[in-house]
Amino acid sequence: MVKEVTNVSSSETPHPSEQRLKWRRQVIDAIAQTMDLYGANYSFGQLYGIMFFEDRPMTLDEMKTQMNMSKSNMSYAVRSLMESRMVDRLEDKRDRQDLYVAETNFFNAFQNFFTIKLQREIDVMLGAINEVMPELKELILSLDTPDDERQACLQDLHKMRHAVQYYEWLQSFVDGLRSGQYFQGERPAEK
């Protein structure tokens, strides 16, 4: 179905800056929704989106005003975004307040966010598996272990070995992501 175009008087047409801000809010909401998909708090995604569109560094007070959040929540949000390397604190200050700026290159933001999250998953899982596997092997080899328990342990050991293969593959993926190998020819030059 084709939408019929009608003449709209200039008083009904939104001012170009109002239209731009509406579109900006739409993209900020999309950024927040997608960050929420990856486990980042929706409001933290909104903050990143606001900072993404700023043409200057922002203080916590400026962010607080735009987000209508308490200073403690804002501080927590900024700290979380900094841990994911989506936001950086600058060395410069404005009126003795720290200044923060968002990573605006989506290639870098993707690289930073996912290398940190995936590396944490690898470290946690391999740490647990590597701690448990020797104990499991001992139980399998023990003469005191009943046959049905030995079989269950062997199944668990098989699953853990498979998991180790996966996490070794994931580590090579993360190493490639960290090095930028997947962005060859894709990543535009920094401006």
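How many residues does α4 have, and how far does α4 reach from its first C-alpha to its last? Helix α4 has 13 residues and reaches 18 Å between those two atoms, close to the 18 Å expected at 1.5 Å a residue. The expected span is 1.5 Å times one less than the number of residues in the helix.

This is a predicted model: local features need pLDDT of at least 70, side-chain atom pairs count only at pLDDT 80 or more, and totals for chains, interfaces and linings use all residues. Residues are numbered from 1 along each chain as its sequence is written, and side-chain values use heavy atoms, with hydrogens and water left out.

Start with the overall layout. The protein has six helices and two strands. Helices (H or I, at least four residues) and strands (E, at least two) are DSSP runs, numbered from the N terminus. Along the sequence they follow the pattern α-α-α-α-β-β-α-α. The protein has 191 residues, and 33% of them are buried. Buried means under 20% relative accessible area, exposed means over 50%, and partly exposed lies in between (1.4 Å probe, protein chains only). Take the contacts in the protein with a separation of 6 or more: residues 24 or more positions apart account for 57% of them. A contact means heavy atoms within 4.5 Å.

Now return to α4. Its buried residues are M74, A77, V78 and L81. Seen down the axis of α4, these buried residues fall within an arc of 95°, so they line one face of the helix. The arc is that of the directions from the helix axis to the C-beta atoms. They pack against α1 (16-37), α2, α3 (60-67), β1 (87-94) and β2 (97-102). The face of α4 turned away from the buried side carries the exposed residues S72 and E83. S75 also lies in α4. At 24% relative accessibility, S75 counts as partly exposed. The C-alpha atoms of S75 and D61 are separated by 9.7 Å, and the two residues are 14 apart along the chain. After the helix comes R85, whose phi is positive, near 60°.

One of the partners of α4 is α2. Helix α2 (residues 42-53) and helix α4 (residues 71-83) pack at about 75°, with axes 10 Å apart. Axes are lines fitted to C-alpha atoms, for helices over the stretch in contact, and angles run from 0 to 180 degrees between N-to-C directions. The two helices are therefore roughly perpendicular (65 to 115 degrees). On the α2 side, F44, L47 and Y48 make the contact; on the α4 side, M74, Y76, A77, V78, S80 and L81 do. These residues divide into eight nonpolar, one polar and no charged. Ala, Val, Leu, Ile, Met, Phe, Trp, Tyr, Cys and Pro count as nonpolar, Asp, Glu, Lys and Arg as charged, and the others, Gly among them, as polar.

Next, α1. Its 22 residues should span 32 Å at 1.5 Å a residue, and its end C-alpha atoms are 32 Å apart, which agrees. Q19, I28, I31, A32 and M35 are its buried residues. What covers them includes α2, α4 and α5. Just after α1, G39 takes a positive phi of about 90°.

Finish in α5. Q119 lies in this helix (residues 106-141). Is Q119 buried or exposed? Q119 is buried, with a relative accessible area of 14%. Not counting residues up to four places away in sequence, Q119 touches F114, Q171, V174 and R178.

Technical notes:
Parallel < 35°, antiparallel > 145°, perpendicular 65-115°, else oblique.
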